[in-house]
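The following note is intended for a colleague who is opening this structure for the first time. Its points are numbered so that each may be checked in turn.

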Amino acid sequence: MRRILAGAACAIALAVHPLAAFADEIAPADVAFDDMKVTTSLTGVPGNPEEGAKAFANRGLGNCLACHALEALSKEQFHGDVAPTLDGVADRWSPEELRAIIVDAKQVFTEETMMPGFYSLNVGLNVRKDLVGKTVLTAQQVEDVVAFLATLKE
Amino acid sequence: MERISLAAGTALCLLLTGLAVERAFGEPVDDTLEIDGVPMITRAAAPEGHPFDEVLSGWLFREAETRATQEDSFENPGMLAVERGGEIWETVDGSMGKSCASCHDDAAVSMKDVGATYPKWDADAQRPINVELQIDKCRVENMGAEPYKFDDAEQVALTAFVKHQSLGKPLAIDLTQGELQTWWEKGKDVYYTRTGQLNFACASCHEASMGKYIRADHLSQGQVNGFPTYRFNTAGMVSLHNRFRGCIRDTRAEMPKAFSDELMALEVYVTWRGTGLSVETPAVRQ
């Protein structure tokens, strides 16, 4: 019965969004910013904090440690100091605000901030050909990183 | 066992915290550089219109060991490239049976200002010319030899040799030549334009974040006065346009070609940003 229902729901979703393979994933250009917040989950799937910690540290993904130090990941080498430390960041920002910062920091801070947009196509000139139209993190990786940051309370 | 690893963990934490504290003051070092008895100008008052008050050599931002290696010409592995360049200088090549020395004799005399005064304006090509391109020009026009491929080991060695003749001389390019001022403007545009998926400009790192650490790298002003440099990382020489391209690649952008208009404009502008700093070729980097 459940399976049938789910199947029906899928059929309806597909009928409504015939082109959206991942019906619930919000495309980078469609992310709605509201007063420095992104209130809607990008995927509808709750973020996984452990995966988020990995994406956070991975040099090919978030590489957040390039600029931010974080006590909780002190086992990782070489934390940068270009940006404020993220210790206790969840005391300063709500998950909705953290999502907005990660999606496109330039819409939260200033156009001049050094922080890259991780789920934004508002990028620099001459993007490497194989990366055109791609974001640094996937929608789910953003949700995972948000979930990880939300654990950082002091 | 658990207690030991806990203690080790605490020690590591303290160490890291200590590092973090030291790094929070990631200032350039207060030290002076002398190479073979020649004092280097590693801090100079910035020229008018410069975003900084003081221009700083990349040497001031490197670790003590790296700095010490550069201080001693016998220790500096980059000097091997300079020596190799000296041999090429004397070697006949091309259809005209000439070497560099056939026309320019003693490089210590004929090349003594070259490293400090390039790029210059090339009236024939109607664009700026740097040392690599001037070498190619002489090879083609005065020797009947082929131009070098970009980053050919001989190109890098000969460039290092020629620039090394200006060791200690303050960078002083003459922007009144030809249309160099226009190229300076173009280079300035490039310097402040964000590129790539990561959306950084040169200025994001070398101006706004100068003195900070990005991962393990202490960000300098991105000066050109030590090029070609010797890098421990790759155990080899790095040419200036190779470095430019590497920095652009790190923004996840397509890399412009070496000696393209874009990178020549950048070389003119970034060289000006180092006005007054001594030529340190071959500088040592990690």
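**Notes on the two-chain model**

1. In helix α4(A), the buried residues are E97(A), L98(A), R99(A), A100(A), I101(A), I102(A) and V103(A). Buried here means under 20% relative accessible area, exposed means over 50%, and partly exposed lies in between (1.4 Å probe, protein chains only). The helix spans residues 95-103 of chain A, and seven of its nine residues are buried. Its cover includes α3 (89-92), α5 (105-108) and α6 (139-149) of chain A. Helices (H or I, at least four residues) and strands (E, at least two) are DSSP runs, numbered from the N terminus.

2. On the basis of the note: this is a predicted model, in which local features need pLDDT of at least 70 and side-chain atom pairs count only at pLDDT 80 or more, while totals for chains, interfaces and linings use all residues. Residues are numbered from 1 along each chain as its sequence is written, chains are lettered from A and ligands numbered from 1 in the order in which they are written, and side-chain values use heavy atoms, with hydrogens and water left out.

3. Chain A as a whole contains six helices and zero strands, and its elements run α-α-α-α-α-α from the N terminus. Of its 154 residues, 40% are buried. Among contacts in chain A with a separation of 6 or more, 52% are between residues 24 or more positions apart; a contact means heavy atoms within 4.5 Å. The chain exposes about 8700 Å², and carbon and sulfur atoms supply 59% of that area. Accessible areas come from the Shrake-Rupley method with a 1.4 Å probe; for residues, only the protein chains shown count as cover.

4. How many residues does each chain bring to the contact between them? Chain B contributes 25 residues and chain A contributes 33 residues. Together the two chains bury about 2500 Å², of which 51% is on carbon and sulfur atoms. Buried area is the accessible area (1.4 Å probe) that two parts lose on being put together, summed over both. In chain B, the residues that lose the most area to chain A are Q197(B), R215(B) and R252(B), together 34% of what that side buries.

5. Between chain B and chain A there are 18 residue pairs in polar contact, both residues being at pLDDT 80 or more. A polar contact is a pair of N or O atoms within 3.5 Å; within protein, one must be able to donate a hydrogen and the other to accept it, and residues adjacent in sequence count only if both atoms are side-chain atoms. On the side of chain B that touches chain A, α1 (2-24), α10 (202-206) and β7 (213-214) each supply at least two residues. Helix α1(B) gives the most, with five residues. By class, this side of chain B has 11 nonpolar, eight polar and six charged residues. Here Ala, Val, Leu, Ile, Met, Phe, Trp, Tyr, Cys and Pro count as nonpolar, Asp, Glu, Lys and Arg as charged, and the others, Gly among them, as polar.

6. The structure holds 16 salt bridges over all chains. E254(B) lies in the loop between α11 (240-249) and α12 (261-273) of chain B and K129(A) in the loop between α5 and α6 of chain A, so this pair joins two chains. E254(B) is partly exposed, at 31% relative accessible area, whereas K129(A) is exposed, at 66%.

7. Within chain B, the side chains of D122(B) and K137(B) form a salt bridge at 3.0 Å, N to O. Because D122(B) lies in strand β5 (residues 120-122) and K137(B) in helix α7 (residues 131-143), the pair ties together parts that are 15 residues apart in sequence. Are these two residues buried or exposed? Both D122(B) and K137(B) are buried. Salt bridges with shared partners also join R84(B), E87(B) and E154(B) into one network.

8. S239(B) lies in the loop between β10 (236-238) and α11 of chain B and is buried, at 4% relative accessibility. Its side chain makes a polar contact of 2.7 Å with that of D151(B). Leaving aside residues up to four places away in sequence, S239(B) touches E132(B), F150(B), D151(B), V156(B), F227(B) and P228(B).

Definitions and conventions. A salt bridge is a side-chain nitrogen of Lys or Arg within 4 Å of a carboxyl oxygen of Asp or Glu.
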